[in-house]
Amino acid sequence: MKLISLLFIILLRFDGTTASLVKESSDKNTVYVCGSGKGKRYHLNENCRGLKSCSAKTIKTTREQVQKEGKTLCGWED
């Protein structure tokens, strides 16, 4: 799964239409969570499909902070 993700990111870099997606995923400390306060997962990309069901605002935070809160990485980005 991680190899497929890496290949996907490499292809995105050559595409050029999704440069912001590549930029967001390159910062390993920045993560995104649903602002409802009920979520148990964090996301590496604010456009992750795991955040589609979030009815609250998406919050940008750090990986260190969400891990202290006991959140785990979204299964779509594993």
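What follows is a short chat about the cysteines, a loop and the overall fold.

Author: First, the ground rules. This is a predicted model, where local features need pLDDT of at least 70, side-chain atom pairs count only at pLDDT 80 or more, and totals for chains, interfaces and linings use all residues. Residues are numbered from 1 along each chain as its sequence is written, and side-chain values use heavy atoms, with hydrogens and water left out.

Reader: Fine. How many disulfides does a search of the whole structure find?

Author: The search finds 1. A disulfide here is a pair of cysteine sulfur atoms within 2.5 Å. Cys34 and Cys54 form it, with their sulfur atoms 2.0 Å apart.

Reader: What parts do Cys34 and Cys54 tie together?

Author: Cys34 sits in strand S1 (residues 30-34), and Cys54 in the loop between strand S2 (41-42) and strand S3 (58-62), so the link joins parts 20 residues apart in sequence. Helices (H or I, at least four residues) and strands (E, at least two) are DSSP runs, numbered from the N terminus.

Reader: Cys34 and Cys54: buried or exposed?

Author: Both are buried. Buried means under 20% relative accessible area, exposed over 50%, and partly exposed in between, using a 1.4 Å probe and protein chains only.

Reader: How accessible are Cys48 and Cys74?

Author: Cys48 is buried, at 8% relative accessible area. Cys74 is buried too, at 4%.

Reader: New topic. Where is Asn45, and what does its side chain reach?

Author: Asn45 is in the loop between S2 and S3. Its side chain reaches the backbone nitrogen of Asn47 at 2.5 Å. Asn45 is buried, with 7% relative accessibility.

Reader: And Glu46, where is that?

Author: Glu46 is also in the loop between S2 and S3. At 38% relative accessibility, Glu46 is partly exposed.

Reader: Last one. What pattern does the protein chain follow?

Author: Along the sequence, the chain runs α-α-β-β-β-α-β. That comes to 3 helices and 4 strands. Of its 78 residues, 23% count as buried.

Note on methods. A polar contact is a pair of N or O atoms within 3.5 Å; within protein, one must be able to donate a hydrogen and the other to accept it, and residues adjacent in sequence count only if both atoms are side-chain atoms.
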